[in-house]
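Subject: Structure handover

Hello,

Here is the structure you asked to take over. Please open it first, then read the notes below.

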Amino acid sequence: WVLGEVEEVLSVLEETQLTVQSILGSRYVAPLLADAEAWERKLRCFSDALDEWLALQHSWMYLEAIFSAADIQRQLPRELKLFAGVDTMWRALMRRVHNDPTALRQATHPGVLENLQRGKATLDEVQKRLEEYLETKRAAFPRFFFLSNDELLEMLAETRNPQAVQPHLIKCFDAL
């Protein structure tokens, strides 16, 4: 599972944050000050968690497609292990969200923001290592510089299938 349309949630979040700010700015807030400040903190935490969640989801979806290829798994075992840890956390989180899709409750659940930040940092490291791996392949065979990262990854993932690699060869050897 992945998060779908979040525009409505973001709209309600912004509207609620403005309402809480208005309440905090009121001179009659004294009896409700503690509650209003608690809501402000909760909404800020929700906003931060949602931002991290969407960033992590974007990285996870990109890398999940890459690490589903057996050849890539075999060539990058350390990166696969890092990705698998985040993947396990992601699937457990999304299973919990599927069972209880209350956005505010799930995003402000204790430890969620920290897990999302840690997962995003791990996926950033995996993506950096993946780029370094592609650079070593390009250094070994300079014609790979004519391919995008996605095309090169697709080629490397399908090394055992010449028909799958063939469409990319034209870019490597164009005008020769």
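Start with the contact of helix 1 and helix 2. On the helix 1 side are Val-9, Leu-10, Leu-13, Thr-16, Gln-17, Val-20, Gln-21, Ile-23 and Leu-24. They meet Leu-33, Ala-36, Glu-37, Trp-39, Glu-40, Leu-43, Arg-44, Phe-46, Ser-47 and Leu-50 in helix 2. Contact means heavy atoms within 4.5 Å. By class, this contact has 12 nonpolar, 4 polar and 3 charged residues.

This is a predicted model: local features need pLDDT of at least 70, side-chain atom pairs count only at pLDDT 80 or more, and totals for chains, interfaces and linings use all residues. Numbering runs from 1 along each chain as its sequence is written, and side-chain values use heavy atoms, with hydrogens and water left out.

Now the geometry. Helix 1 (residues 7-25) and helix 2 (residues 33-67) pack at an angle of about 150°, and their axes are 10 Å apart. That makes helix 1 roughly antiparallel to helix 2 (angles over 145 degrees count as such). Helices here are DSSP runs of H or I, at least four residues, numbered from the N terminus.

Next, helix 7 (residues 149-157). Its buried residues are Glu-151, Leu-152, Leu-153, Met-155, Leu-156 and Ala-157. Buried means under 20% relative accessible area, with a 1.4 Å probe and protein chains only. Their cover includes helix 2, helix 3 (70-75), helix 6 (112-140) and helix 8 (162-172).

Last, Asp-71. It sits in helix 3. Asp-71 is buried, at a relative accessible area of 7%. Leaving out residues up to four places away in sequence, Asp-71 touches Leu-156, Ala-157, Glu-158, Thr-159 and Arg-160.

Best wishes

Notes:
Axes are lines fitted to C-alpha atoms, for helices over the stretch in contact, and angles run from 0 to 180 degrees between N-to-C directions. Helices (H or I, at least four residues) and strands (E, at least two) are DSSP runs, numbered from the N terminus. Angles under 35 degrees count as roughly parallel, over 145 as roughly antiparallel, 65 to 115 as roughly perpendicular and the rest as oblique. Ala, Val, Leu, Ile, Met, Phe, Trp, Tyr, Cys and Pro count as nonpolar, Asp, Glu, Lys and Arg as charged, and the others, Gly among them, as polar. Buried means under 20% relative accessible area, exposed over 50%, partly exposed in between (1.4 Å probe, protein chains only).
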